[in-house]
Amino acid sequence: GGRPAVVQEKPGVTRDRREFVAEWQGTGFLLIDTGGWELKPGEALTSEIRSQAEAAVSAADAVLFVTDATTGLTDDDAGVADLLRRSQIPFVFAANKVDDAAKEGAAAELWSAGLGKPVPVSAFHGRGVGDLLDALVGVLPDLGKLPEADPVPSVAVIGRPNVGKSTLLNRLAGMERVIVSEIPGTTRDPVDQMVDLDGRVFRFIDTAGIRRKPKIKEDADFYSVLRAREVLERADVTLLMIDAFEGVTHQDQRIAADAVEAGAALVVVVNKWDLVDDEARHRLESDLGDRFGFVGWAPVLRMSALTGSRVGRIRAALDLVLETRTTRISTGVLNRLIREWTGAHPPPVRAGRRPRIQYVVQGGDSPPTFIVFVSGGELGDDYLRFLEGRLRDAADFTGTPIRVFTRSKDRRR
Ligand code: GDP
């Protein structure tokens, strides 16, 4: 019932490996669509798909083997059947396109595969799909039930063209999971990629957009900002990649500002660390202070997506910022703190009026949002920044934007 893989009548059309988080009768599982499997290496893309399928099967807990009852067993089917019989892996054998009872006879012929009785289904009409899922859940190893509320966090990888986004994604996904191919039509519309990082699954958003390369240089930077805006809407965390050698550019600043605006948590990835010499390193460090000062609370990871050096630190950074993004400070603690802060640094007089902070509440999280009730005047931006700084000292808000709004308590406003 999720976003479907591309379905067409021609063999070999389902190209990328699609993954879906699925659930049946309280058992959760990750369903991987391998994009079809042909044992005979043909054109380039077919062999790419085959190696992906083989990798998927070797990493799988169970296999759902789908055959076409209307065509009977092909040589390729027989090859797969042979492999399944010899392997230890649990499997379910499905005979598809059994649209009505009359076609069940055709399914019976598939007994010849030597895999026992096929489960007759019609994927198109939904016939027999419940029984198929029962069978599938039945052969899965018992890994416990699905946790109640643990939605998969969404991660957006953003940055200017050529900073290394695809390289990083491929490295994280491993096994060349993202097909990078010059064959037209391989890159499709927004595709999310589920990636398992040391046992925790993350949803990487719009991985197709990462691979889509604009042709014209001027458009490229503009496009990268535009794409970032779109994916940020859906992201819990942003991995903002910059090029260690080029330092922090104006475009990088715009993308970072958009990330803050959208409210996603932020991790800055300084990529191509393998290329920097002392001079570039100094330039970068001062850039981070001068030009990325406004996101100084974001963790900065220096790495090389190409060599894989320090890429392993991403998981811990994601865990951290997902946690801090939901941090809450109780109203009691908040107001004790605010009395301290305003006692030491009262809000300055503005336009002849001295504002007074009545109290503060945390209105929400993701990102943490604070509402300051004020009377007798207005707080200036400087003072709001001062409060944000104090709040960041009071609790760990590493990697998350926080918002501070004011509400006037003055009756006439
Ligand atoms: P994208 O446009 O952001 O997706 O960038 P790509 O992943 O396509 O990378 C652009 C180029 O930078 C490619 O030639 C990569 O091999 C190279 N590249 C990516 N990461 C690194 C890295 O960590 N170090 C070096 N030296 N090159 C890298």
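A polar side-chain atom of Ser166 lies 2.6 Å from an oxygen atom of the ligand, a polar contact in the sense of a pair of N or O atoms within 3.5 Å (within protein, one must be able to donate a hydrogen and the other to accept it, and residues adjacent in sequence count only if both atoms are side-chain atoms). The model is a predicted one, in which local features need pLDDT of at least 70 and side-chain atom pairs count only at pLDDT 80 or more, while totals for chains, interfaces and linings use all residues. Residues are numbered from 1 along each chain as its sequence is written, and side-chain values use heavy atoms, with hydrogens and water left out.

In total, 17 residues surround the ligand, the closest being Asn162, Lys165, Ser166, Thr167 and Asp274; a residue counts as near if one of its heavy atoms lies within 4 Å of the molecule or strand in question. Asn162 takes part through its backbone, with a polar atom 2.8 Å from an oxygen atom of the ligand. For Lys272, an N or O atom in the side chain is 3.2 Å from a ligand oxygen atom.

Elsewhere, a pair of helices deserves a look. Two packed helices are described by the angle between their axes and the distance between the axes. The axes of helix 11 (residues 331-344) and helix 12 (residues 381-394) come within 11 Å and cross at roughly 125°. Helix 11 is therefore oblique to helix 12, since angles under 35 degrees count as roughly parallel, over 145 as roughly antiparallel, 65 to 115 as roughly perpendicular and the rest as oblique. Here axes are lines fitted to C-alpha atoms, for helices over the stretch in contact, and angles run from 0 to 180 degrees between N-to-C directions. Helices (H or I, at least four residues) and strands (E, at least two) are DSSP runs, numbered from the N terminus.

The contact (heavy atoms within 4.5 Å) is made by Leu334, Leu337, Ile338, Trp341 and Thr342 of helix 11 and by Tyr383, Phe386, Leu387, Arg390, Leu391 and Ala394 of helix 12. Phe386, in helix 12, touches Trp341 and His345, not counting residues up to four places away in sequence. Phe386 and His345 are 41 residues apart in sequence, yet 9.4 Å apart in space, C-alpha to C-alpha.

Ser366 and Pro367 are joined by a cis peptide bond with omega of about -5°, and Pro367 is found in the loop between strand 12 (356-364) and strand 13 (369-375). Lys97, although not a glycine, has a positive phi of about 70°; Lys97 lies in the loop between strand 4 (91-96) and helix 3 (104-108).
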